[in-house]
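Please look over the sequence and the model shown here before reading on.

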Amino acid sequence: MRTLHVRLSAAAFTTALALTACGSGGDGGKEAGPAACRIGVEVGPGNAATSPGDTGNVPVTLTNRDSKQCTLKGFPAIELRDGDSAWTVPGEEGAKPAGVTLQKDETATFTITYVRGDAGSGSAPAKTVRIDVPGAGDAGSHPWSYGDVALKGAKTPDASVSAVQVAGD
């Protein structure tokens, strides 16, 4: 009997280890958690800055694709990328995020505001924008077709992101 008990315990332990190793879904180890929602993302069309020094705005629309309601609150994590280089866009100064609750198929928005760069060393030659939505998690990478973004410092883009808000506000 004792041998059977040890074998079952070893089998249970092995199963527990195997289950612990699962669950990341290839998302870089981020766990969505119970509050995460399935969100559809549409980037643009934007009010593009056409010349260096001009300011442009890129709206991003988020649609709740989940059957349950979804609450989003805060600033999306925005990262502009070009291959191995990345620049993190800060939240809009002075903005106070409020919670936005979306039912299935309802939408919310946020805006990325940026200053167009001159394609020189003082610019981020962004090709994609990586979006992480508060309450929904990783929303993936999307093409950035709005040109170079001016830099305030070596890794700080002259850009900001607004808080998530109800679409139309």
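Predicted model: local features only at pLDDT ≥ 70, side-chain atom pairs only at ≥ 80, totals over all residues.

Residues are numbered from 1 along each chain as its sequence is written, and side-chain values use heavy atoms, with hydrogens and water left out.

Q: Which parts does the pair of Cys 37 and Cys 70 tie together, and how many residues apart in sequence are they?
A: Cys 37 and Cys 70 are joined by a disulfide (cysteine sulfur atoms within 2.5 Å), with an S to S distance of 2.1 Å. Cys 37 lies in the loop between helix H1 (2-21) and strand E1 (39-43), whereas Cys 70 is in strand E3 (residues 70-73), so the pair ties together parts whose separation in sequence is 33 residues.

Q: Is Val 149 buried or exposed?
A: The place of Val 149 is in strand E11 (residues 149-150), strands being DSSP runs of at least two residues, numbered from the N terminus. Buried means under 20% relative accessible area, taken with a 1.4 Å probe and protein chains only. Because its relative accessibility is 0%, Val 149 counts as buried.

Q: Which backbone nitrogen lies 2.9 Å from a polar atom of the side chain of Ser 123?
A: Ser 123 is in strand E8 (residues 123-124), and its relative accessibility is 7%, so Ser 123 counts as buried. The backbone nitrogen of Ala 119 lies 3.4 Å from a polar atom of the Ser 123 side chain. For the distance of 2.9 Å, the backbone nitrogen is that of Asp 118.

Conventions
Helix = DSSP H or I, 4+ residues; strand = E, 2+ residues; numbered from the N terminus. Buried < 20%, exposed > 50% of the residue type's maximum accessible area, 1.4 Å probe, protein only. Polar contact = N/O pair within 3.5 Å; in protein donor to acceptor, adjacent residues only side chain to side chain.
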